[in-house]
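Let's read a protein model together, one feature at a time.

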Amino acid sequence: RIRKQVEDRVSKSAIKETTITLSADSMSLADVLKEIEKQTGNKFVDNRDEQQPGQKDPMLTIELVDEPFWPAIDGILDQAQVGLNLYGGEDALSILGRGSSDLPRTGRATYAGPFRFEPVEIHSERSLRQPGQTALRLHLEIAWEPRLRPIAIMQAAADVEATTDTGAKLAISQREDMPDVDVSRGTQAAELILPFSLPGRDAKKITKLHGKLHALVPGRQAKFQFENLAKAAGKTQQLGGVKVTLDAVRKNNAVWEVHMR
């Protein structure tokens, strides 16, 4: 019973946001990122040299006390004038050079625990042949701390609310559940497309977007190890709510087969 309580606490702590405490006066971006890795367990890969070889590392002045991970990172990247690639194919945040037309990251996102939400695109469609066929699609980028590694993200249509500057509510165009968000290995973000009915032409912007999504994330990783395989058949190991039974280990010509449940 005690073990289960401890395991539950470990699982819950794994999905909490990490925080950063850092006092730096003229510290290089590389050293700042190394310190953040130590404090949070979130890894970074600096790929700026691939774009601009020999570029000098910016020196930063930072004062953070228990600052949540994503707001701190957005502020640091803005000060260093660098960007972020969330689809680099690694379990790390990839640091890139920032384009001259790129907007600041600070003030463009909403944070919830270890997640960061930012609207990145909006598409409105009106058929000229069939005026009744209209659509508005909002592309929302959902980013997470690299250490988290979500398995799946689900968004129920009933949990989404949006309001325009005219005070009108935007209706979700498909009331049935939306498809699950595709989470690819080696990425730290996924895109969710919210389908709305197109508002009247007097609406200029969406002033409020509210919703609740569900994320399936691993609480922690556990290692199962069976010794002396010749005598391990039928043995069982249990960690938390997971039980592994080794049924058989046998050689099939040039292949070793391990049968387990």
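Q: Which elements of the protein have the lowest and the highest mean pLDDT?

A: pLDDT is the predictor's confidence in each residue, from 0 to 100. Here helix H3 (residues 48-51) has the lowest mean among the elements, 72, while helix H4 (residues 69-80) has the highest, 96. Over the protein, pLDDT averages 89, and 97% of the residues score at least 70. This is a predicted model, so local features need pLDDT of at least 70 and side-chain atom pairs count only at 80 or more, whereas totals for chains, interfaces and linings use all residues. Residues are numbered from 1 along each chain as its sequence is written, and side-chain values use heavy atoms, with hydrogens and water left out.

Q: What do labels such as H and E stand for?

A: They mark DSSP runs, numbered from the N terminus: helices (H or I, at least four residues) and strands (E, at least two).

Q: How many residues does helix H2 have, and what does H2 reach from its first C-alpha to its last?

A: The expected span of a helix is 1.5 Å times one less than its number of residues. Helix H2 (residues 29-40) has 12 residues and reaches 16 Å, close to the 16 Å expected.

Q: Which residues of H2 are buried, and which are exposed?

A: Relative accessible area decides: buried means under 20%, exposed over 50%, and partly exposed in between (1.4 Å probe, protein chains only). In H2, the buried residues are Leu29, Val32, Leu33, Ile36 and Thr40. Seen down the axis, the buried residues of H2 fall within an arc of 95°, so they line one face of the helix. That arc is taken from the directions from the helix axis to the C-beta atoms. Lys34 and Lys38 are exposed on the other side of H2.

Q: Now the strands: in what order do E10, E11 and E13 form a sheet?

A: Strands of a sheet pair through backbone hydrogen bonds, either parallel or antiparallel. Two strands count as paired if DSSP finds at least two bridges between them. Here 3 strands make an open sheet in the order E11-E10-E13, with antiparallel pairing. Strand E11 (169-170) and strand E13 (206-210) are the edge strands, each pairing on one side only. Strand E10 (residues 161-164) is joined to E11 by 2 bridges; Ala162 has Leu170 in E11 as its bridge partner.

Q: How many salt bridges does the count come to?

A: The rule asks for a side-chain nitrogen of Lys or Arg within 4 Å of a carboxyl oxygen of Asp or Glu. By this rule the count is 13. In one of them, Asp57 and Arg48 have their closest N and O atoms 2.7 Å apart. Asp57 is partly exposed, at 25% relative accessibility, while Arg48 is buried, at 7%.

Q: What parts does the salt bridge of Glu125 and Arg137 tie together?

A: These two side chains meet at 2.3 Å, N to O. Glu125 lies in strand E7 and Arg137 in strand E8 (residues 134-144), so the pair ties together parts that are 12 residues apart in sequence. Glu125 is partly exposed at 37% relative accessibility, and Arg137 is partly exposed at 30%.

Q: Which residues are linked in a network of salt bridges?

A: The network links Asp74, Arg105, Arg108, Arg116 and Glu118. Within it, Glu118 and Arg108 meet at 3.3 Å, N to O.
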